[in-house]
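The structure comes first, and the comments follow.

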Amino acid sequence: MRRASRIISLPASNFIAHASSSTCAVNKHSFTTLTAQQNHHNLHQQSFPGDFLKWGSLGFFRTSSFATGFAPLKPKPLGSIIDVERVKDRSAEDIASAWDDFHLGRGHIGASMKANLYHLLEHRAAECRYFVIPLWRGGGYTTMFAQVQTPHMLFTGLEDYKARGTQAAPYFAVTYYNEFAESKDMVLIRGDVVMPSKLSDSEAKWLLETTQSFYVNDTRYKLVERFNRQTHDFEFKDVLQALEIPNL
C-alpha cells in the first residue's frame, strides 16, 4: 500500500517482515484442522453473514472493554470523519492526501484505492469471503483469519477463531467508503486496530494491502478460490510461497 496521497493502483505484493517480541510458528496440522472441518462447514452456511455481525457494528471507536470481546464497535459514517460537501470539488489527490494525513499517528490506518479495483474486490469477495494470511514476526509467523464482506473486512487470529468461532474478537476492522467512486474514481479506506496488544499499526497496514492483493491479483485469487471452494485441495504452503515466507 502506498501512501494515500498517491492513490493505490495495485496493493503491494512483496512481503514485509515486521519484528515482534512474540513469535509464533503455526504448524500445518493445526491449520488443516480448521480448513478441513470447521472452515469447510462455515463457508457454505448462509447464516454466517449474520454471525459476522456479532463481531460488532463495524466502525472505528475502540474501547478497553471491547478488547475483551464484549463491547461493540460504533459505526462511523464518512460524513462524521470529513465534510463530504466541502471536499467534493477537490481533486482525488488532494482528498487522498488529507485522508492519509488525518489518520497518520492516530491509531488508525488510512488509504485509498482505484474504484475499479474496489469493484473487483467487492465482486470476488461476494463469492469468496474468507482467507488466511501468515504474518511474519521475527523467527516465525502467526496466521490471521480474514473475512471480507464489503464494505467491511475483519481480521482475527486463526487460533482465536478456531477456539471461539464467530465470538472471537476482531484484531483489526476495515471499512471502505465508495462515496467518491464515481466522481473521483477513488474509494477511501479506513482501518481500526481494535486490539493493539495483538496487532501493531504497521502489521495491520501490511495485512490490509496483502489481503487486497489476493483479491485483485488474478494469480493470487486462485488461492482464495481454492480456500473457499476446494478446501481439501488448499495448501497453506502455496500462500507462504506467494509471499516468499519460509515454510517452517
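**Aromatic contacts**

1. F131 and F227 are both buried, where buried means under 20% relative accessible area, computed with a 1.4 Å probe on protein chains only. This is a predicted model, in which local features need pLDDT of at least 70, side-chain atom pairs count only at pLDDT 80 or more, and totals for chains, interfaces and linings use all residues. Residues are numbered from 1 along each chain as its sequence is written, and side-chain values use heavy atoms, with hydrogens and water left out.

2. Across the whole structure, a search finds 11 aromatic pairs, that is, rings of Phe, Tyr or Trp (its six-membered ring) with centres within 6.5 Å, called stacked if the planes are under 30 degrees apart, edge-to-face if over 60 and tilted for the rest. The rings of Y130 and F145 are stacked, because their planes meet at 15°, with the centres 6.2 Å apart. Since Y130 belongs to strand β2 (residues 130-137) and F145 to strand β3 (residues 140-149), this pair ties together parts 15 residues apart in sequence; strands here are DSSP runs of E, at least two residues long, and helices are runs of H or I of at least four, both numbered from the N terminus. Y130 counts as buried at 5% relative accessibility, and F145 is buried at 0%.

3. The pair F131 and F227 is edge-to-face, because the planes stand at 90°, with ring centres 5.9 Å apart. F131 lies in strand β2 and F227 in helix α9 (residues 218-229), so the pair links parts that are 96 residues apart in sequence.

4. F131, F214, F227 and F234 form one aromatic cluster.

Methods. Buried means under 20% relative accessible area, exposed over 50%, partly exposed in between (1.4 Å probe, protein chains only).
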